[in-house]
Amino acid sequence: MLVDSHVHLYEFSNDELGSFNGMILVSVAEDVKTSMIVLNLTEGFGSINPCIGIHPWNVDKVPFSDVAVIEKLVKDNDVRCLGEVGLDLRFVPNTIDKQRRFFSEFLRMAKEYDLVLNIHSPGTWREVFEMITKADVNRVMFHWYTGPLDLIRDLTEQGYYISVNAAVKVQEKSRKVAETVPLRFMLTESDGPYEYRGIRLTPLMIRDTVNEIAKIKGIDVETVEDSVYFNYTKLFR
Ligand SMILES: [Zn+2]
């Protein structure tokens, strides 16, 4: 069973959605509106696991009170995951204080409702790691990890998962990450639909991603596929 642990599913057409049948899809949202769309999608597709929340890129576009709306959606719909949430100093450094305010609330919610965090943290890998451990949140995955290689040991010692993006075929940093992360803490993802260096990332690339990881690690494809699926079931229970 192939797993896409971070995908913006609502951005695909219905035809495309059909072509992802048979895969596990962890569908993230970016604000209240897309959170509700993701929850509606889940009802039609059995293998979709919804994550809801407010993307760090959106904190200057929505009122802080939207956090309470997300919390109500979590309670009313028995949601098990927040995402994508986190901090971003690389692409949106100007809103970092606001981002920290939002993210602190999501950490509180994760602890209170025992939720998985589907984390976005370019430029803030270590800060986010420290905030999460301080908040005593245990169920965590770092999406499209391109952070410091020497932080990986700290993350996995806490039992946090690290997701390798389909860009592993062409992105040198992702190849190093795939090499370094122990298989028992590794997930796979597309972050689709997204264009990266001429490649259109979608869940259909997960098969290739698994093949590439197997090649990099020098192990067989089935071992990678089985481990990722096992990791997914452990994280999401
Ligand atoms: Zn994303």
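User: What makes the arrangement around the zinc ion irregular?

Analyst: The four donor atoms subtend angles of 85 to 172 degrees, so the arrangement is irregular. Four donors are tetrahedral if all angles lie between 85 and 135 degrees; four are square planar and six octahedral if opposite donors are over 155 degrees apart and all others between 65 and 115; anything else is irregular. This is a predicted model: local features need pLDDT of at least 70, side-chain atom pairs pLDDT 80 or more, while totals for chains, interfaces and linings use all residues. Residues are numbered from 1 along each chain, and side-chain values use heavy atoms, without hydrogens and water.

User: Which residues coordinate the zinc ion?

Analyst: H6 (NE2), H8 (NE2), E84 (OE) and D191 (OD) do, at 2.0 to 2.2 Å. Donors are N, O and S atoms within 2.8 Å of the metal (3.2 Å for Na, K and Ca); water is not among the atoms, so sites may look incomplete.

User: Are E84 and D191 buried or exposed?

Analyst: Both are buried. Buried means under 20% relative accessible area, exposed over 50%, partly exposed in between (1.4 Å probe, protein chains only).

User: Why is the pair C51 and C81 called a disulfide?

Analyst: Their sulfur atoms are 2.2 Å apart, and a disulfide is a pair of cysteine sulfur atoms within 2.5 Å. The count comes to one disulfide.

User: What makes the disulfide right-handed?

Analyst: The torsion about the S-S bond of C51 and C81 is about 85 degrees, so the disulfide is right-handed. Both C51 and C81 are buried.
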